[in-house]
Amino acid sequence: MPRYTVHVRGEWLAVPCQDARLTVGWLGREAVRRYMKNKPDNGGFASVDAVRFLVRRCKGLGLLDNEDLLEVALEDNEFVEVVIEGDAMSPDFIPSQPEGVYLYSKYKEPEKFIALDGDSLTTTDLVNLGKGHYKIKLTSIAEKKVQQSREVINSIIKEQTVVYGITTGFGKFARTVIPVNKLQELQVNLVRSHSSGVGKPLSPERCRMLLALRINVLAKGYSGISLETLKQVIDVFNASCLSYVPEKGTVGASGDLAPLAHLALGLIGEGKMWSPKSGWADAKYVLEAHGLKPVVLKPKEGLALINGTQMITSLGCEAVERASAIARQADIVAALTLEVLKGTTKAFDTDIHAVRPQRGQIEVAFRFRSLLDSDHHPSEIAESHRFCDRVQDAYTLRCCPQMVFASRGETISGGNFHGEYPAKALDYLAIGVHELAAISERRIERLCNPSLSELPAFLVAEGGLNSGFMIAHCTAAALVSESKALCHPSSVDSLSTSAATEDHVSMGGWAARKALRVVEHAEQVLAIELLAACQGIEFLRPLKTTTPLEKVYDLVRSVVRPWIKDRFMAPDIEAAHRLLLEQKVWEVAAPYIEKYRMEHIPESRPVSPTAFSLESLRKKSIKIPESEDL
């Protein structure tokens with residue numbers, strides 16, 4: 001007998017259907033009837049027949065015709081939503097999909113796998129797992145280590161040894177011994193009581209990253225989780241069943257307890273979950289729809305699932321990846337701006353940067369030389385002002401920022417779960433990335449201000465009638481100003497929690513979330529500069545810039561047309577932001593940079609072998625300490 005899971009307002013209802021020849025309209029009415037039956041006041045409705053509604057799939061939000069037969073319109077156990085007329089604008093209305101549903105309705109189950117051993121996962125791997133490009137499996141070595149670790153836990157239970165978190169309570173209750181017959185209940189209670197976060201849920205991508213990173217830590221074999229349970233968790237990840245994880249609530253001391261508890265709550269079939277097939281629904285229904293059973297926690301396994309810094313670290317990895325991408329593309333955007341403002345390339349001379357052997361600075365200068373006027377890529381724009389009397393450019397043009405950036409058979413309670421290290425790193429990352437946005441905003445000012453360039457005011461004809469980039473520049477300034485406040489280090493703050501047991505905390509969760517906001521602001525500011533620089537090119541035609549920069553211009557013009565007169569600008573900014581987010585700007589310019597590098601190998605060789613950069617961090621395996629409370 002077919003069964004459908006139906007979302008009505010905030011409720012999920014399982015509706016069996018004895019006859020598949022019934023219609024979609026019948027399913028909607030039956031769901032509303034069941035909803036009213038569960039409410040003391042009938043949900044505020046006089047009768048089922050008085051309710052007007054639409055029915056749509058949770059996956060993709062496609063509307064269904066009420067007259068269509070269920071056997072034609074829906075698959076067995078499909079998730080649908082009944083939208084009551086007038087509810088869409090209600091502040092109490094809970095949508096069944098996260099923001100950006102249009103991205104997830106096209107989700108395709110990946111065919112490739114990443115094998116995790118707990119030691120070799122990179123930031124790039126993690127972001128790709130978040131995007132749903134791969135499934136997960138364990139290496140044979142990881143499986144063996146997990147099994148050996150679990151044997152230690154089994155011995156402790158068998159011998160009734162008093163060990164924290166296994167046979168005792170938690171935090172202030174560490175001295176309370178728990179009877180053997182309640183050890184499993186202890187773990188479930190831990191997950192339930194710690195699921196106390198607030199705020200919007202993590203996006204599916206970020207929840208996938210969180211779950212993948214927790215699996216990676218468990219694969220190290222130091223947590224005591226059973227191989228059976230870990231494989232269940234992996235099956236949940238591979239089915240893209242993602243728990244409702246509120247973004248706020250962690251202080252990053254005993255790890256990210258609240259977010260990871262919410263993650264575990266869905267795994268045990270409680271709370272809410274999301275999948276591309278179901279949208280948001282009760283976790284037990286989502287798991288069942290994918291042929292999965294809720295995890296039954298064994299002793300120690302609740303603690304193993306929630307005690308870690310994976311919220312901080314996973315968001316931090318996304319911040320590092322996005323910061324690296326925008327840092328590379330910032331050089332290209334800045335080169336285009338310098339060309340439009342008729343700046344000089346002398347500031348990027350090889351010998352100048354060899355005097356100060358900073359690897360990042362040398363690489364940035366090299367990229368500028370590879371993109372700007374040279375024998376390889378002559379520029380008509382550069383030639384037009386070759387003999388001008390300008391001695392040097394403003395700092396924002398000639399000083400573009402560079403990113404510098406189970407052998408013992410026992411358990412030991414340590415402090416590796418503390419989030420101080422990644423919190424400090426992410427605070428510093430925010431400060432570094434903010435400088436990219438700050439200097440980009442100053443270049444936008446130079447593009448828009450006719451007293452600082454040879455361009456029309458605000459890059460538009462008929463100024464006065466048209467305002468051009470006037471308010472786009474204001475937007476950039478507002479973003480930069482907001483980022484200044486976000487760059488205050490969160491890791492300098494600490495509030496004692498858990499009855500002074502956790503008397504120093506990292507606030508790493510906030511460090512990670514605000515670092516991502518600073519990165520996003522930098523992307524948006526550079527998107528505005530990219531649009532402004534391309535608009536500046538329009539006023540220098542028919543002169544052409546270098547081949548690689550013309551390619552960048554063509555890329556932008558493939559999604560945003562020139563401004564002849566004022567128009568709605570927000571969609572254009574979003575389109576340019578998308579180009580940077582997807583690294584399209586880097587993709588069109590990179591071949592020219594690398595070709596130039598091959599032809600100038602001696603000058604592109606790094607001067608300082610000990611220098612450290614954001615790019616080198618990105619390419620390394622994840623080494624930011626990730627927690628384990630043994």
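1. Val-6 stands opposite Leu-13 in strand 2. Val-6 also stands opposite Val-80 in strand 5. This is a predicted model, and the notes below should be read as such.

2. Take the strand pairings next. Strand 1 (residues 3–8) pairs with strand 5 (residues 79–84) in the parallel sense, over 4 bridges. Strand 1 and strand 2 run antiparallel and are joined by 6 bridges. Strands of a sheet pair through backbone hydrogen bonds, in either a parallel or an antiparallel sense.

3. The hairpin of strand 1 and strand 2 has 2 residues between the strands. Check Arg-9 there: in this hairpin Arg-9 takes a positive phi near 50°.

4. A helix pair comes next. The axes of helix 12 (residues 310–340) and helix 22 (residues 584–599) come within 9 Å. They cross at roughly 65°, which makes helix 12 roughly perpendicular to helix 22. The crossing of helix 12 and helix 22 is left-handed.

5. Which residues make the contact of helix 12 and helix 22? Helix 12 supplies Arg-328, Gln-329 and Ile-332. Helix 22 supplies Lys-584, Val-585, Trp-586 and Ala-589. By type, the residues of this contact are 4 nonpolar, 1 polar and 2 charged.

6. Two residues in one loop deserve a backbone check. Leu-459 is found in the loop between helix 17 (420–448) and helix 18 (470–486). Leu-459 is not a glycine, yet has a positive phi of about 60°. Is Leu-459 buried or exposed? Its relative accessibility is 0%, so Leu-459 counts as buried.

7. Glu-462 is also found in the loop between helix 17 and helix 18. Glu-462 has a positive phi of about 55°, although it is not a glycine. Here the relative accessibility is 57%, so Glu-462 counts as exposed. The cut-off for exposed is over 50%.

8. A cis peptide should be noted. The bond from Arg-541 to Pro-542 is cis, with omega near 15°. Where does Pro-542 lie? Pro-542 sits in the loop between helix 19 (508–538) and helix 20 (547–557).

9. Last, Leu-297. This residue lies in the loop between helix 10 (283–289) and helix 11 (301–306). Leu-297 has a relative accessible area of 3% and is therefore buried; the limit for buried is under 20%.

10. What is Leu-297 in contact with, leaving aside its neighbours within four places in sequence? The partners are Gln-184, Gln-187, Val-188, Val-191, Ile-268, Gly-302 and Leu-305. There is also a C-alpha separation to record: Leu-297 and Ile-225 are 72 residues apart along the chain, and their C-alpha atoms are separated by 9.2 Å.

Definitions and conventions: Residues numbered from 1 in each chain as written. Predicted model: local features only at pLDDT ≥ 70, side-chain atom pairs only at ≥ 80, totals over all residues. Heavy atoms only, no water. Axes fitted to C-alpha atoms, helices over the stretch in contact; angles between N-to-C directions. Parallel < 35°, antiparallel > 145°, perpendicular 65-115°, else oblique. Left-handed = near helix turned anticlockwise from the far one by under 90°. Contact = heavy atoms within 4.5 Å. Nonpolar A, V, L, I, M, F, W, Y, C, P; charged D, E, K, R; others polar. Pairing = 2+ DSSP bridges. Buried < 20%, exposed > 50% of the residue type's maximum accessible area, 1.4 Å probe, protein only.
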